[in-house]
Structure formats: C-alpha cells, structure tokens
Amino acid sequence: MTHPRLSFSLKDRFGGFVVLLLFGPPGCGKGTQARMVSSWLGIPAVSTGDLLRAEVGARTPLGVVAAAIMETGGLVGDSLVNAMLVRRVEHSDCARGFLLDGFPRTVAQAGFLDDYLASRQLPPGRVIHLEVERHTLIDRMSARRQCPVCGRIYNTLHQPPRSNGVCDNDGAVLIRRKDDHESIVRQRLKEYDELTGPVLHHYCGPRLHSIDGGQPAERVFEDITAAIQWASEREPSSAA
Ligand code: AMP
C-alpha cells in the first residue's frame, strides 16, 4: 500500500521482525485489514480459515475432517490447526514476520503459539483487537462475498466490487461462504464468545491494542497503523 503519511519500515523497528495477531469476532473485518496491513508492512497475512478452506478444496485428509466441522460453525481441533499453522509460518516469506488472521482462537492455541515463538527465540505477538457491535457483525456477514480464486473479500453494501458479482482482481464470480448464512453465523458468534473471547484475557496487557472496528475500513486501517507505530516507538528492538 502506498500511503505517504503512513510510511514505515520494519528494518529498524521491532528488531526487524514482528508477529501481529489480528483478533476479533467473525465479521469484524479481519480479512480486509489483514490484506491492508500485510501489504503495508511487507509481511504475509496467514489466515487459518483460508488455509483450512484450501485443504477442504484439495480434499486432503485434514480437509475432509475440517469440512464437516466448518459447515456447522464449530472449531477445528487445536492440534490439527497448530500443526498446519507451523507448516505455513516456516515458509521463507515469513522471515521478517507474519500477521495471523483467525489464530489463535482458543486459549490452548494461544499457549501453543507463545511456546512456539519462544522456542524460535522470536518476540511474542502483538494483538490487534477489532471491536464491533453484534448487530453490525450479523449485517456484515450477510452481505459478505468472497472471491474463490484470490480470497479477496467484498461487502455488497459497503465495499462492492466494481462490476456486480465479480472480483476486481481476476473476474471470478464471487461466492457467499456457506458459513456466512445466518444460523451458522449465530453459531460462530457463540463459539467466539465461549472459546475465543477468553483468549483476549490471555493477551491482556500492553501488547493488546483495541481498535474500533465499526468504522469504515480505511479509518480502521489508520488506527491500526497508528497503534503499530506507537508500539514500535516504545519497543524498537523487541526481537533483540
Ligand atoms: P475464518 O475464515 O477465520 O472465519 O474461519 C472459518 C472457519 O475455519 C471457522 O469457523 C472454523 O471452523 C475454522 N477455523 C479457522 N481458524 C481456526 C482456528 N484457529 N482454530 C479452529 N478452527 C478454525
């Protein structure tokens, strides 16, 4: 993203390596912000939901197990997701850090991530928590569409594609995810409250940055970048 006011180089910040956790309930805008922040910092956005959907699409053994769980709005088992995540973040494109979207979702996953980062002598993650009111989440998910090819997310009300129903990037016909239908959405929010909400307590403290995710996407992005700049000025060499 070319945004002169927001220029920022990881080279001399955070000791050149940063792990960001984008956190919040389904529909809070994690996917959109992950794409913007990843492009701004030059680190990959790793979405466990996207990784699982790729496994489902490829009909791998993990994908077959995950498909049945994802269709009901439940969470895939910690050990399966943890192993999948480690495989992904050990790719060379994660050498300067990575942004996690949708992980950790349980306290057990958060503990696993802490141990994993410590075992690689990497700094603990910084959490960006997107707060959005419940009725806004339900409205957003009902209007959400996704490109099945590049994964880009649109909203038919607030962020429609340039041409109705097709992706701006590659022209693929946009789809509505099965788990964005209202009964599944309610189940996903319930799972979030029960299992994922407590993860926030795990990260309670100065590494947690709460952002108003109910604003337009560009404003949310500016608030996130301000929080990251602020954090980097206070902790310039956290990887040391
Ligand atoms: P998302 O695209 O992040 O909303 O994830 C879609 C679905 O994938 C979730 O409803 C879960 O079924 C599954 N999933 C994604 N990330 C995780 C995770 N960290 N742990 C367990 N299940 C996950």
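Me: Which exposed residues does the face of H3 turned away from its buried side carry?
Reply: This is a predicted model, where local features need pLDDT of at least 70, side-chain atom pairs count only at pLDDT 80 or more, and totals for chains, interfaces and linings use all residues. Residues are numbered from 1 along each chain as its sequence is written, and side-chain values use heavy atoms, with hydrogens and water left out. Exposed means over 50% relative accessible area, buried under 20%, and partly exposed in between (1.4 Å probe, protein chains only). On the face of H3 turned away from the buried side, the exposed residues are Pro61, Val64 and Ala68.

Me: Within what arc do the buried residues of H3 fall, seen down its axis?
Reply: Helices (H or I, at least four residues) and strands (E, at least two) are DSSP runs, numbered from the N terminus. In H3, residues 61-72, the buried ones are Leu62, Gly63, Ala66, Ala67 and Met70. These buried residues line one face of the helix, because seen down the axis of H3 they fall within an arc (of the directions from the helix axis to the C-beta atoms) of 130°.

Me: How many disulfides does the structure hold?
Reply: A disulfide is a pair of cysteine sulfur atoms within 2.5 Å. The sulfur of Cys204 is too far for a bond, because the closest cysteine sulfur, in Cys28, is 18 Å away. The number of disulfides in the structure is 0. Cys147 is likewise in no disulfide, and its nearest cysteine sulfur, that of Cys167, is at 3.7 Å.

Me: Is Cys204 buried or exposed?
Reply: Cys147 has a relative accessible area of 2% and is buried. For Cys204 the relative accessible area is 59%, so Cys204 is exposed.

Me: Which helix gives the most to the shell around the ligand?
Reply: The ligand is surrounded by 16 residues (a heavy atom within 4 Å), and the closest are Thr48, Arg53, Gly74, Arg105 and Arg188. With 4 residues, the helix that gives the most to this shell is H2, residues 48-57.

Me: What share of the ligand's exposed area does the protein bury?
Reply: Polar contacts are pairs of N or O atoms within 3.5 Å. A polar side-chain atom of Arg53 is 2.9 Å from a ligand oxygen atom, and a polar backbone atom of Gly102 is 2.9 Å from a ligand nitrogen atom. Taken alone, the ligand exposes 480 Å² (Shrake-Rupley method, 1.4 Å probe), and the share that the protein buries is 96%.

Methods
Polar contact = N/O pair within 3.5 Å; in protein donor to acceptor, adjacent residues only side chain to side chain.
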